[in-house]
Amino acid sequence: MVATTDIAPGDLIFKEQAVSIGPFHDTPPICLTCLRRVSGRFLCNECGVPMCSSRCSEAAAHRQLECKVFAGQRGKNKVEISDFKANNPFYQSIAALRCLLLKGKDESGWAAMQSMVDHNSDREREDPEHWKICQHNIVRYLVELCGLPYTKEEVNHVIGLMEVNAFETNLTADWKKKATDEDEEENGPVERREEKTENSEETLTTGGMVRERDGWGRGVFPLLAMLNHSCASNARYISLADGWMECRATVVISSQSPSFF
Ligand SMILES: [Zn+2]
Ligand SMILES: [Zn+2]
């Protein structure tokens, strides 16, 4: 990425929201919208997956993505979770599935992911155990058990691109909600007023800051992934809430110079 104008230290180079956000590879049961831990007391009435509240189960981040897939699963393949303390392999498939669901729906997001590296041959050689787990719990689960219309290569590509390129991100709300939605805040998606959570009576003021109680996951950021990695960095990224990242200059970057982390 090359600067087209002179940039001063602290200047914003770009701001980007993740094209896809999902849980970490290993996680105990969490709500698929806010990514916070769940107890199993509430299940989505469409797909039966544990969520934290009706608000989260109806949010676009879940309802427009994997909810439809799991609602269509019947019999032995229906999602049923009983242990809410231990890591559950079901969650390993979610981040990959959300990337795959961009195909045919978000052409620019899907195209950006196709250009991201997955280092799959290195990953398979360097950690064959982890590779085997991914084949069983993600590739086989999505393609063979759920019968989804993706090739094994497509599933392995999204698994790899996340392992190579994903950044940690925190969520305070439904990250899929667009700024154009009726009740979206006037100041844009990262500035928010006080909001009441359904998990607690507590009223929270976030102001776009990361809170300890937020849910955490990993996001795919195609622009950030395009930045070259360098020992002599001239830019840094700052994680904002709800899958937004800022990239700012750390030194003077002259026009026509490349920007690096
Ligand atoms: Zn939730
Ligand atoms: Zn659901």
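I started at one pair: Ile238 has Glu246 as its bridge partner in β8. The model is predicted, so I kept to its limits: local features need pLDDT of at least 70, side-chain atom pairs count only at pLDDT 80 or more, and totals for chains, interfaces and linings use all residues. Residues are numbered from 1 along each chain as its sequence is written, and chains are lettered from A and ligands numbered from 1 in the order in which they are written.

**Entry 1. Overall count**

I listed the elements. The protein has 9 helices and 8 strands. Helices (H or I, at least four residues) and strands (E, at least two) are DSSP runs, numbered from the N terminus. Next I checked burial. Buried residues are 34% of the 261 residues. A residue is buried if 20 or more other C-beta atoms lie within 10 Å of its own, exposed if 12 or fewer, and partly exposed in between, with C-beta atoms placed from the backbone. Then I looked at contacts, meaning residues whose C-beta atoms, placed from the backbone, lie within 7 Å. Of the contacts between residues at least 6 apart in sequence, 71% join residues at least 24 apart.

**Entry 2. The sheet around β8**

Which order do the strands take in this open sheet? I read β1-β8-β7, 3 strands with antiparallel pairing. β1 and β7 are at the edges with a single partner strand each, so one side of each has no neighbour in the sheet. Neighbouring strands are turned by 20° against each other on average, direction ignored. Two strands pair if DSSP finds at least two bridges between them.

I took the pairs in turn. β1 (residues 12-17) and β8 (residues 244-249) are antiparallel over 5 bridges. Phe14 is partnered by Cys247 in β8. Lys15 has Glu246 as its bridge partner in β8. On the other pair, β7 (residues 235-239) is joined to β8 by 5 bridges, also antiparallel. Ile238 is bridged to Glu246 there. I noted the background: strands of a sheet pair through backbone hydrogen bonds, either parallel or antiparallel.

**Entry 3. Two positive phi angles**

I followed the chain from β7 to β8. They form a hairpin with 4 residues between them. Asp242 sits in that loop. Asp242 has a positive phi of about 60° although it is not a glycine. Is Asp242 buried or exposed? Asp242 is buried, because 24 other C-beta atoms lie within 10 Å.

I found another case at Leu35. Leu35 is not a glycine, yet has a positive phi of about 60°. Leu35 lies in the loop between β2 (20-22) and α1 (54-58). Leu35 counts as buried because it has 27 C-beta neighbours inside 10 Å.

**Entry 4. The sheet around β6**

I turned to an open sheet of 3 strands, β2-β6-β3, again with antiparallel pairing. β2 and β3 (167-171) stand at the edges, so each has a single partner strand and one side without a neighbour in the sheet. The twist averages 45° from one strand to the next. I counted 3 bridges between β2 and β6, which run antiparallel. Ile21 stands opposite Gly219 in β6. α4 packs on this sheet, touching β2 and β6, and its direction makes about 165° with that of β2.

**Entry 5. Helix α4**

How many residues of α4 are buried? I found 9 of its 9, so I logged α4 as mostly covered. Among them are Ile94, Ala95, Arg98 and Cys99. The cover includes β2, α3 (66-71), α5 (107-114), α7, α8 (152-165) and β6 (215-220).

**Entry 6. α4 against α7**

I checked the packing of α4 (residues 92-100) on α7 (residues 128-145). The angle is about 55°, and the axes are 9 Å apart. Axes are lines fitted to C-alpha atoms, for helices over the stretch in contact, and angles run from 0 to 180 degrees between N-to-C directions. The two helices are therefore oblique to each other. Angles under 35 degrees count as roughly parallel, over 145 as roughly antiparallel, 65 to 115 as roughly perpendicular and the rest as oblique.

Which residues meet here? From α4 I noted Gln92, Ser93, Ala96 and Leu97, and from α7 Asn137, Ile138, Tyr141 and Leu142. The contact has 5 nonpolar residues, 3 polar and no charged. Ala, Val, Leu, Ile, Met, Phe, Trp, Tyr, Cys and Pro count as nonpolar, Asp, Glu, Lys and Arg as charged, and the others, Gly among them, as polar.

Note on methods:
Two residues are in contact if their C-beta atoms, placed from the backbone, lie within 7 Å.
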